[in-house]
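Student: I have a structure to go through with you. Could you take my questions one at a time?

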Amino acid sequence: MFETSTIELSKKALKNNLNFIRKNLSPGQRFCSVVKGNAYGHGTSEYVQMAMNAGVDYFAVHAADEAYQLVSGTSKKPDLFIIGSIENAALEWAIKEDIELAVFDFQRLEKIKELARKLNKKARIHIEIETGMQRTGFTVTQIPSLLNWLNVHKGSVLFHGLFTHFAGAESQANHFRISSQIQQFKLIHSSFESNGLTPVYSHSACSAAIFNYPDAPGNLVRAGIVQFGFWPNKETQIRYYGDTENTPDDLKRIIRWTTRVMAVQQVAKGQYIGYGTSYLALKNMKIAILPVGYAHGYSRNLSNIGSVLIHGKSAPIVGTINMNSMTVDVNGIDGVEMGTNVVLIGKQKGKSITVNSFSEQSNLLNYEMLTRLSPTIPRIITQ
Ligand SMILES: *Cc1c(COP(=O)(O)O)cnc(C)c1O
């Protein structure tokens, strides 16, 4: 209550994006919605609720705390997969809740097996394979003992998934590396099969791979950024449409972030605006102060660079972004007063401020800009 800004989430945009994703999947491929990082800053509970209403029934989070939050916030239980980290303290809870667990080392496998026996339940595991990302996953040399272990302990663990993660599928520069990851994963997949171990799901593709590597192996994709209406990067979008002049876009941003003017000031020519000397008024100016700053996730890198929309017109940021406020130039925009609506991200009267435009200006990836949006900003679901 009483927060200084609001994030709106559009149901219509989400539907559009889900249709677009489905259109690009291979026949029979299932979609798992990745909602780590507070659903890429959109707000996990609100986003998951929307996505479930739109037919999504499978979610992935990075860690057990996010899984806990998701389970507590939904009435109907979707399939849920922890892709990354899980501490021993959370394992018992996760197994009881039938949460699917990524496993990338033998210690964790042993622990899961013990707990599953104790609980008299089969734990659902996804085995991660290290194919070239050099992050997590069983290595090639571990595969023979892993196959043996899985066959011995079939009674305690359900071999639900086999997966790997690509080291940068969004960029053509990584083509050689990704292609060899694909080859490696296919080989390892067949050695599992020939040992009588066929996972329910095998998966490798993230958002970028859906478009750049449509033949990436698996009957499941784990997609994050694309469902929110963002291309992983501009290169992927251009490659998809093959048009660099006027690149089309079938995705629609779900997010819109708005606030209201908290004060309006006149500044005389020759005055510095805000802290220090980063902005000098070269003429008499009218400025508006907005109650949003870097504490809310509005990047300080956008000082003197970013802009907002007021009455459908662009108002450039002047001076540095403060912790809880920023100042914009409203010369030439009539009718700006305390309480006037301001769009920080999204559309107003046909004009728009995109996260992309910020990211290009501030060198922040979409991913990073989005996940910095403070969880305390209220999220509202709109049509
Ligand atoms: C974050 C993540 C994804 C989703 O990535 P996007 O680029 O947002 O689609 C998929 N798999 C793993 C292992 C991840 O960590």
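Tutor: Start with a term. Helices (at least four residues) and strands (at least two) are DSSP runs, numbered from the N terminus. Keep in mind that this is a predicted model.

Student: Where is His311 placed?
Tutor: Phi of His311 is positive, near 50 degrees, and the residue is not glycine. At 34% relative accessibility His311 counts as partly exposed. Its place is the loop between strand S13 (307-310) and strand S14 (313-316).

Student: Which value does phi take in Gln134?
Tutor: Most residues other than glycine have a negative phi. Gln134 sits in the loop between S6 and H7. Its phi is positive, near 60 degrees.

Student: Is Gln134 buried or exposed?
Tutor: Exposed means over 50% relative accessible area. Gln134 passes that cut-off, so the residue is exposed, at 64%.

Student: How many helices and strands does the protein chain have, and how many of its residues, in percent, count as buried?
Tutor: The secondary structure comes to 12 helices and 18 strands. The C-alpha trace spans about 80 × 45 × 40 Å along its principal axes. Of the 383 residues, the share that counts as buried is 52%.

Student: What span should helix H8 have, and how far apart are its end C-alpha atoms?
Tutor: H8 runs over residues 175-194, which makes 20 residues. At 1.5 Å a residue the helix should span 28 Å.

Student: Which residues of H8 are buried, and what arc do they cover?
Tutor: The buried residues are Ile178, Gln181, Ile182, Phe185, Ile188, His189 and Phe192. They lie on the same side of H8, because they cover an arc of only 140 degrees around the axis.

Student: What do the buried residues of H8 pack against, and which exposed residues does the face turned away carry?
Tutor: The packing partners are strand S6 (123-128), helix H7 (143-152), strand S7 (157-163) and strand S8 (201-205). The face turned away from the buried side carries the exposed residues Phe176, Leu187 and Ser194.

Student: Which residue just after H8 has a positive phi?
Tutor: The value is about 75 degrees. The residue that takes it is Gly196.

Student: Is Lys113 buried or exposed, and what is it in contact with?
Tutor: Lys113 lies in helix H6 (residues 106-119). Buried means under 20% relative accessible area. Lys113 has 10%, so it is buried. Leaving aside neighbours within four places in sequence, its contacts are Trp149, His153 and Ser156.

Student: How much space lies in the largest pocket, and which residues lie nearest its centre?
Tutor: The pocket holds about 860 Å³ of space. Its lining has 37 residues. Elements that give two or more residues to that lining include helix H2 (36-40) and helix H12 (366-371). Nearest the centre lie Lys36, Tyr40, His165, Glu170 and Tyr367.

Student: How many residues of each class does the lining of the largest pocket have?
Tutor: Take the classes in turn. The count is 16 nonpolar, 13 polar and eight charged residues.

Student: How far apart in space are Ser75 and Met1?
Tutor: Ser75 lies in the loop between helix H4 (64-73) and strand S4 (79-82). Ser75 is exposed, with a relative accessible area of 84%. In sequence, Ser75 and Met1 are 74 residues apart. In space, C-alpha to C-alpha, the distance is 24 Å.

Conventions
Residues numbered from 1 in each chain as written. Predicted model: local features only at pLDDT ≥ 70, side-chain atom pairs only at ≥ 80, totals over all residues. Heavy atoms only, no water. Expected span 1.5 Å × (residues − 1). Buried < 20%, exposed > 50% of the residue type's maximum accessible area, 1.4 Å probe, protein only. Arc of directions from axis to C-beta. Contact = heavy atoms within 4.5 Å. 1 Å grid on protein atoms, 1.4 Å probe; cavity = no way out; pocket = protein on both sides within 12 Å on 5 of 7 lines; lining within 4 Å. Points joined across faces, edges and corners; volume = space filled by probe spheres on them. Nonpolar A, V, L, I, M, F, W, Y, C, P; charged D, E, K, R; others polar.
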